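Below is a colleague's note on a two-part set of coordinates, written as numbered points. Please read each point with the display open.

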Amino acid sequence: MTLIDVRHVYKIYNEGDESEVRALSNVSLRIDYGEFVAIVGASGSGKSTLMNILGCLDIPTYGDYLLEGQDVAEMSDAELSKIRNKDIGFIFQGFNLIPALNAVENVELPLVYQGALPGRRREAAIEALERVGLEERLKHKPTQMSGGQQQRVAIARAIATKPPIIMADEPTGNLDSKTGAHVVEILHGLHKEGTTIILITHDNDLAKTADRIIRISDGRIIYDSAIDGEHEESAPQHNAQEAPAAETEVGA
Amino acid sequence: MKLGQAFKMAFKSILGNKARTVLTMLGIIIGVAAVITLVSLVQGYQDSLTSWVEMQGTNRINVYAHTYDGNDITDELYDFCLNLGELVVGVTPNTTYWGVMQYKTTRMDSSTIYFGSEHFSVCNNYQLASGRDLAYLDIEDYHKVCVIGAYVAEALFGYTDPIGKTITVNGTDLTVVGVYAAKEETPQQWGYDDMIAIPYTVSRFIADYSYTDGFTIKAKDRTSTTEAITRINAFLSMAINPQNGYYNVNTPDTQMESDNELTNMLSLVLGGIAGIALLVGGIGIMNIMLVTVTERTREIGIRKAIGAKRSAIVTQFLIESGIISMVGGMLGVLFGFILTVVLGKLIFDLILMPQLLISVGSVLFSLVIGIGFGIYPAVKASGLQPVEALRAV
């Protein structure tokens, strides 16, 4: 069953201007419930822009995005907020924790916006933190934790509301390989429980652990393992694209 | 999102930046303290004027006339005033003198001596406590009698009954025939009981002059006051050539009214200036909230990404600016109280207290200012696309 249906989506910055940037260009994509998809691309390829649109954090310039059959463009701010709150859990490369709040308060935050009662949300937050192995660090502020711990707090926050979709943008980007592996392990665990995982990465090895790989370059999808088959060779242009892509910097 | 949680977050953010919060509050604190202090001081001054007038009694007219050319019109003026008939209740000369009073071995050095007529007490709002008042015959027959004020009675006689006793005033023996009741003194108005009243016709025994140039008239009511003033003015303008003398007719009532007008105006002007200070404080809040929004753009992005609605962000920032301004307002009231008490003591020598209404009003007004000036930054913060907000460093 189709969860995400993206049709001919464009994201263009400064359109018509000399500095026009096409971050996404005619991207179409379908993702079903329960998939583990890795979106792979170089820095500036448009993969983060794609994730922001998929996560309802940004709106496409042109094209349609249907989430669970509903057109996102027609949703109100309140409806979008509800989707971001209940349906999607975000994990960012930069963790994006609120520095003034401690671990458990950060994890509670989505539940706060849901209007959950203090007792229940504390319970859910602690459960999520146990899941990522941080039950010892409940009262620590982000600055008192290592990068790996912070990212695990961010994961706990993403899963605290038990959303059906997890979107992770370079979740291991700021971590060493060992902690990175632990984070990936957690994601696979969630996938086994039926959560749809969309993983954005530039790391091919990490991408290979996913069920499906989508390669993106210069704002276009150049390879989709679900369509093009398992063989990377069917997209030989990928490696050639990687180097010059950095010139078109689009807020990765 | 629950309001309680929003308050918690607002407090966290306010306490997270104490120095800035205090500086922001300072604008509101100064504004509110200024409003309260200025308005209270003017109010206190006005109250003390009013109580002065009330102490003297209403419908009172003071007439003063003086000539240089030896053509004394005092007697004619007195007759004219007495002949106002229906309009007036009483007329008395209002000459005063100071003297040394003695009863046996007790001395008083600086009491006020009034040279009055039988209408002295009516005109000056004194009530008789015991004995009798000055009478027409006392005046007519030069009786050496006096009616003494409550303070003098207590100081000279203690618990003995003063009636019928003889006191020596500036070397002349006078028989005490009556005692006036104590007036209700206030911190602003006092000394009214440290006096004696004697027939004006015996003034020459007490004072080294016996000259009367002023009268106090008690009119029947308000309209009579106006009418009497008009008539006396007309009489004096005929009787006195401006080149050879001058005169003045006034009533504390109209004086109070014009003073009230003045103080009301003063109140408005000073309150307005203080209000501007408050407004500037509000702009300070808006400024700092804008800075806060800019600084916390990323945090706003995070909050939106995990499901905060626009309204939740707006509420959070409004509560923050509301708390800053309201706490500032309350501190302002506190400082306003202190300033009012200190300045009231220094300037008017009174214990002044700001009115409850203006205190509560100032706090509410600063809350309105905080929320009013917080709206723009809050809406600005909430309107950001999550992805744009997240991109901020």
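1. How many helices and strands does chain B have? Chain B has 13 helices and 11 strands, while chain A has nine helices and 10 strands. Helices (H or I, at least four residues) and strands (E, at least two) are DSSP runs numbered from the N terminus.

2. On provenance and numbering: this is a predicted model, in which local features need pLDDT of at least 70 and side-chain atom pairs count only at pLDDT 80 or more, while totals for chains, interfaces and linings use all residues. Residues are numbered from 1 along each chain as its sequence is written, and chains are lettered from A and ligands numbered from 1 in the order in which they are written.

3. Of the 252 residues of chain A, 46% are buried; for chain B, buried residues make up 42% of 393. A residue is buried if 20 or more other C-beta atoms lie within 10 Å of its own, exposed if 12 or fewer, and partly exposed in between, with C-beta atoms placed from the backbone. Contact is taken as C-beta atoms, placed from the backbone, within 7 Å. Among contacts in chain B between residues at least 6 apart in sequence, 83% join residues at least 24 apart; in chain A, residues 24 or more positions apart account for 69% of the contacts with a separation of 6 or more.

4. The sheet in chain A. Four strands form an open, antiparallel sheet in the order E2-E1-E4-E5 (chain A). Strand E2 (21-32) and strand E5 (70-71) of chain A are at the edges with a single partner strand each, so one side of each has no neighbour in the sheet. Strands E1 (residues 2-13) and E4 (residues 62-67) of chain A pair over five bridges in the antiparallel sense; pairing requires at least two bridges found by DSSP. Tyr10(A) has Tyr62(A) as its bridge partner in E4(A).

5. Nonpolar cores. A core here is a set of buried Ala, Val, Leu, Ile, Met, Phe, Trp, Tyr and Cys residues joined through C-beta atoms within 7 Å. In the largest one, of 119 residues, Ile39(A), Ala156(A), Ile166(A) and Ile198(A) touch the most other members. Helix H2 (residues 18-56) of chain B gives this core its largest share, 13 residues. A second, separate core has 49 residues, among them Cys81(B) and Phe215(B).

6. Helix packing in chain B. H2(B) and helix H9 (residues 252-295) of chain B pack at about 175°, with axes 8 Å apart. Axes are lines fitted to C-alpha atoms, for helices over the stretch in contact, and angles run from 0 to 180 degrees between N-to-C directions. H2(B) and H9(B) are therefore roughly antiparallel, since angles over 145 degrees count as such, under 35 as roughly parallel, 65 to 115 as roughly perpendicular and the rest as oblique.

7. The interface. In all, 20 residues of chain B are in contact with 21 residues of chain A. On the chain B side, the largest share, four residues, comes from H13(B).

8. Gln114(A) lies in helix H3 (residues 103-114) of chain A. Why is Gln114(A) classed as partly exposed? Gln114(A) falls in that class because 18 other C-beta atoms are within 10 Å. Leaving out residues up to four places away in sequence, Gln114(A) touches Asn85(A), Thr161(A) and Gly307(B).

Key: Contact = placed C-beta atoms within 7 Å.
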